[in-house]
Amino acid sequence: MLDGHNIERTVYAAFLGRMGNTGQCCVAAKRFIVLADVYDAFLTGLRDRMSEVQPGDPVDPATTLGPLASEAAAELLMEQVRDAVDKGATVVLGGGRPDLPGAFVEPTLLTDVTPDMRAYREELFGPVATVYRVADEDEAVALANTSPYGLGGAVFAADPERARGVADRLEAGMVWINHPTASRPELPFGGIKRSGYGRELGDVGIVEFANRKLVRYVDADAPIQEGLG
């Protein structure tokens with residue numbers, strides 16, 4: 001997040017990007033890197049949004065937070081949270097498990113996450129978000145690129161050229177500007193680094209299911225290449 005333009009919209013986008021499918025999505029927003037002058041407002045807004053979530057029975061219309069896919073997934077996520085807290089992270093919201101049957105984890109917001117914590121380098125697959133304060137764009141890009149993963153990212157800024165400049169520097173297979181990273185059937189989908197290689201969906205996805213044939217014309221009087229390998 002590079003500026004405070006329409007911050008309510010940015011906070012809402014961050015909330016949806018993190019909490020969709022209870023945070024169990026490969027392109028879900030996991031880390032929020034925010035410039036210092038808008039950090040406090042963003043953190044407060046995201047905390048307020050996440051605190052409104054209501055865990056409960058998924059078939060109950062009042063429920064806005066379901067359980068994780070398994071008890072093992074919930075236990076792993078809590079191990080990552082406890083590791084961060086034990087090493088000095090600040091719990092802004094949540095940090096535990098609600099007293100409900102099922103693999104529930106409270107909506108949790110962490111700050112002061114440092115490189116020695118698992119939450120810094122591991123994927124948090126559930127309703128846990130980490131927020132970082134940075135001084136400028138260079139620090140934001142450097143921090144973003146420390147991740148061993150590189151599937152998707154998002155840049156929020158009112159100036160499109162500024163946002164595109166940051167997007168071009170991010171080590172990610174996909175970057176959305178002013179919108180949470182998402183999947184669309186018409187757009188190529190894929191990452192870099194430990195997020196894999198290659199692309200699916202869009203035109204490149206269709207090509208993966210096709211046997212293409214090369215036919216190249218060379219003039220009948222053209223010299224033959226000596227190196228044919």
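Which residues does Thr 146 touch, not counting residues up to four places away in sequence? Keep that one in mind while you look through these close-ups of a predicted model.

**Figure 1. Thr 146 sits in a loop between helix 5 and strand 5.** Here's the reply to the opening question: Thr 146 touches Arg 31 and Tyr 120, once residues up to four places away in sequence are set aside. Is Thr 146 buried, exposed or partly exposed? Its relative accessibility is 41%, so Thr 146 counts as partly exposed. For a sense of distance, pick Gly 202: Thr 146 and Gly 202 are 56 residues apart in sequence, and their C-alpha atoms are 29 Å apart in space.

**Figure 2. Helix 2 covers residues 36-51.** With 16 residues, helix 2 reaches 23 Å from its first C-alpha to its last, close to the 22 Å you'd expect at 1.5 Å a residue. Look for the residues of helix 2 that are buried: Val 38, Tyr 39, Phe 42, Leu 43, Gly 45, Leu 46 and Met 50. What do they pack against? The buried residues of helix 2 pack against helix 1, strand 1, strand 2, strand 3 and strand 4.

**Figure 3. Two aromatic pairs turn up in a search of the whole structure.** One is made by Phe 32 and Phe 42, whose ring centres are 5.8 Å apart with 45° between the planes, a tilted pair. Phe 32 belongs to strand 1 and Phe 42 to helix 2, so this pair links distant parts of the chain, 10 residues apart. Phe 32 counts as buried because its relative accessibility is 8%, and Phe 42 counts as buried because its value is 2%; the cut-off for buried is under 20%. Now find Tyr 120 and Tyr 132: their ring centres are 6.2 Å apart and their planes are at 80°, so this pair is edge-to-face. Tyr 120 lies in helix 4 and Tyr 132 in strand 4, so the pair ties together parts 12 residues apart in sequence. Both Tyr 120 and Tyr 132 are buried.

Figure 4. Zoom in on strand 3 and strand 4, which run parallel and are joined by 3 bridges. Leu 109 stands opposite Ala 129 of strand 4.

**Figure 5. The largest nonpolar core has 31 residues.** Which of them touch the most other members? They are Ile 33, Val 105, Val 113, Val 128 and Val 155. Elements that give two or more residues to this core are strand 1, helix 3, helix 4, strand 4, helix 5 and helix 6. Helix 3 gives the most, with 5 residues. Another core lies apart from this one, with 20 residues, including Met 1, Tyr 39, Leu 43 and Leu 46.

**Figure 6. Val 105 has a list of contacts from elsewhere in the sequence.** Leave out its neighbours within four places in sequence, and Val 105 is in contact with Leu 65, Leu 68, Ala 74, Leu 77, Met 78, Gly 96, Pro 98, Pro 127 and Val 128. You've met Val 128 already: like Val 105, Val 128 is one of the residues touching the most other members of the largest nonpolar core.

Notes:
Residues numbered from 1 in each chain as written. Predicted model: local features only at pLDDT ≥ 70, side-chain atom pairs only at ≥ 80, totals over all residues. Heavy atoms only, no water. Helix = DSSP H or I, 4+ residues; strand = E, 2+ residues; numbered from the N terminus. Expected span 1.5 Å × (residues − 1). Buried < 20%, exposed > 50% of the residue type's maximum accessible area, 1.4 Å probe, protein only. Contact = heavy atoms within 4.5 Å. Phe/Tyr/Trp six-rings, centres within 6.5 Å; stacked < 30°, edge-to-face > 60°. Pairing = 2+ DSSP bridges. Core = buried A, V, L, I, M, F, W, Y, C linked by side-chain atoms within 4.5 Å.
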